[in-house]
Amino acid sequence: MNFLSILTELLADSGFAALTWQSGVMILISFVLLYLAIVKKFEPLLLPITFGIFMSNLPESGTFYYFYNEVENWYDAGIIGVIGSAVAAGFFLIFFG
């Protein structure tokens, strides 16, 4: 096997094969906002928003699998699913009231 075929097979098996141009634009926007949040100290609340934009646009990552598919147990949802369920239930509102 030559290097080009190995590289082509690697890219086909990775999540980047499922990357759409819309997700690519949003990932680019998240990098710009990340730069503004860290380097320019633009807005302190911009960092978690930027991280959420980046995580939700990763192709084939399964980050929000819990929200789109039913899982048998709540602990199979991962940390994003558990936190999302707590936010949807209004659990974290007690800290901001």
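In what order do the elements of the chain run from the N terminus on? I read them off as α-α-α-α-α. The chain has five helices and zero strands. I took helices (H or I, at least four residues) and strands (E, at least two) as DSSP runs, numbered from the N terminus.

Ground rules. I am working with a predicted model, in which local features need pLDDT of at least 70 and side-chain atom pairs count only at pLDDT 80 or more, while totals for chains, interfaces and linings use all residues. Residues are numbered from 1 along each chain as its sequence is written, and side-chain values use heavy atoms, with hydrogens and water left out.

Whole chain. I looked up burial: buried residues make up 15% of the 97 residues. Buried means under 20% relative accessible area, exposed over 50%, partly exposed in between (1.4 Å probe, protein chains only). The chain exposes about 7,800 Å², and carbon and sulfur atoms supply 71% of that area. These areas come from the Shrake-Rupley method with a 1.4 Å probe; for residues, only the protein chains shown count as cover. Among contacts (heavy atoms within 4.5 Å) with a separation of 6 or more, residues 24 or more positions apart account for 26%.

Helix α3. I went through residues 46-56 and noted Leu46, Thr50 and Ile53 as buried. Seen down the axis of α3, the buried residues fall within an arc of 60°, so they line one face of the helix. The arc is that of the directions from the helix axis to the C-beta atoms. An α-helix has 3.6 residues a turn, so residues three or four places apart point the same way. On the other side of α3, I found Pro48 and Phe51 exposed. The cover over the buried residues of α3 includes α2 (21-38).

Thr50. I checked this α3 residue and got 2% relative accessibility, so Thr50 counts as buried. Leaving aside neighbours within four places in sequence, Thr50 is in contact with Ser30, Leu33 and Leu34.

Aromatic pairs. I searched the whole structure and found one. Phe31 and Phe54 form a tilted pair, 5.6 Å centre to centre with 35° between the planes. Rings of Phe, Tyr and Trp (its six-membered ring) pair if their centres lie within 6.5 Å; planes under 30 degrees apart count as stacked, over 60 as edge-to-face and the rest as tilted. Phe31 lies in α2 and Phe54 in α3, so the pair ties together parts 23 residues apart in sequence. Phe31 is partly exposed at 44% relative accessible area, and Phe54 is partly exposed at 25%.
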